[in-house]
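Please have the structure open as you read.

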Amino acid sequence: MKIQHIFRRITLVFLLTTLLPSVGVQCFTASAQMDPDAVQPAMAELLRRHSTSADTIAKEISSRFFNSAPMQMALARAYYRNNERQKTRYYLKKAMAADPNFTPAYIMYGDLYGEWQVDSASYWFERAVEANPKVPEGYVKYANVMARRDMDKALAKLEELRKAVPTYNVDVEISALYNKKGDDKAAVAALQNVDPETLTMNQLAQYMQNCYWSTYDERAMEVGLIAMRRFPENRGFNRVYAWSAVRSERYDEAFNNAKQWLEKAPTDSVNSIDYLAIGTACVGLGKYEEAFGYLARINDLKDDYFAPQMPKQITQLVNRNVEALKDRGDYEKAADLYSRYIKAYPSDSDPAYQYYTLAQIYRAQQEELDGEQRKEVIKKMFKVYDIIEEKYPDWSNIHYVLYTHARWTYSFFDPENEQSLALPYYQRLYDVLEKREKLSEQENTMIVEACQYTASDSYFQKHDVAKARLWWARILKYNPTNQAAKDALEKIKE
């Protein structure tokens, strides 16, 4: 039986494409029963080569098998493939005449109008439903077309399908409609009663992605576990699972799945966000060197879409984790993370501020300590200040660094001012502020303090009365009512 079917198919193709143009239609019509599955590709090939001859043969086939809807449909498909729409419609109507309940003809007639001609397309899809209410395709096609204009009507048609064919997975079609509309949350909600085990690989992929974009990370991971078990060859599931795990702060799972994706994915499928995901996981695990190793790979990608966003994303990643570490009191890790960040991603616009932020971590840490432990942390802060003062002396906020450096040196390391340790910082502070045309109230307070320290140091430590007089006079320039400076000048005068 199967051998005879294959023989008929081969004979028909041979006749249509080779012998007919030379031997004539009679040879073709003399052949035995014809197979619609063979007619369609054979006709399509003949249309491609000899349209006139094909038209003649099509008319002969149509006339010979006028009561065969599948045969008329085969001719319609051949013309549809050749983009000859008028002749496609002609043979579709022949198919409908042969069998008014032949659903495929109505479906193709609707397809001819496409999704943009809603009225005409939906009319023929409704005819398909009327022809055979048990065939789901008419309902689904109608819903997809109508959703462009009236979502309620589209959903109503799918509910009709649910009643007509209770075994059909209607909720999957509803989810697909919302997905086309870009409503990720509604697409996810539609599948809440659907068993993921019944979904295809592509449906699972879309479901998982919609969960991710809706920030339903736990659900995305639940679906992902099923998808990865059923389709282990598709590493795309590992990728989305990793992104969801990152947001859920399940960093071990995020790292393992991101790594599986990166190891198996085609090179041209990897983008900056993939390295951001695994880098984020490493940061969460405290593997900072490994994190910045992965993040550095972003620079090697020609990723014009995502790469420009990465500096901001990485900065936010680091800052978020630094704050979390500080909140837990783990300042050493916070400082380590931020130090590595500065080395890996030095700022083009404000590098001094990066170092200042690092110093602020130590500043916050020292507040929770006392004694020698506190002094050791302050020394670490001062080392960062040294870098700022050396590399960025013209930074707009350098006065904050110099002021803190001076005051804390005096307070914690030379409270009796026996060694004049704070003097160089106070003098540089004065030099910076003295050049500014206008000082804020806070800056004015700083420069007065610098003058006071220098005047006192000159008088009591250096016994340099002339220099002391100069600095006390400068105090009055910035604070004319300063009584201590007035008393000091009066005393020197006596």
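## A buried serine

Leaving out neighbours within four places in sequence, S272 is in contact (heavy atoms within 4.5 Å) with I298, L301, D303, F306, A307 and M310. S272 belongs to helix α17, residues 272-284; helices here are DSSP runs of H or I with at least four residues, numbered from the N terminus. Because its relative accessibility is 0%, S272 counts as buried, a label for under 20% relative accessible area with a 1.4 Å probe and protein chains only.

This is a predicted model, in which local features need pLDDT of at least 70 and side-chain atom pairs count only at pLDDT 80 or more, while totals for chains, interfaces and linings use all residues. Residues are numbered from 1 along each chain as its sequence is written, and side-chain values use heavy atoms, without hydrogens and water.

## Two nonpolar cores

A nonpolar core is a set of buried Ala, Val, Leu, Ile, Met, Phe, Trp, Tyr and Cys residues joined through side-chain atoms within 4.5 Å. The largest has 103 residues, and I314, I388 and W472 have the most contacts inside it. Helix α21 (residues 351-366) gives the most to this core, with 8 residues. Apart from it lies another core of 55 residues, including A76, V118, A128 and L155.

Beyond residues up to four places away in sequence, I388 touches A352, Y355, Y356, P393, W395, I398 and V401.

## A helix pair

Helices α25 (residues 441-461) and α26 (residues 465-478) pack at about 165°, their axes 8 Å apart; axes are lines fitted to C-alpha atoms over the stretch in contact, and angles run from 0 to 180 degrees between N-to-C directions. That makes α25 roughly antiparallel to α26, the term for angles over 145 degrees.

How values were computed:
Buried means under 20% relative accessible area, exposed over 50%, partly exposed in between (1.4 Å probe, protein chains only). Helices (H or I, at least four residues) and strands (E, at least two) are DSSP runs, numbered from the N terminus. Angles under 35 degrees count as roughly parallel, over 145 as roughly antiparallel, 65 to 115 as roughly perpendicular and the rest as oblique.
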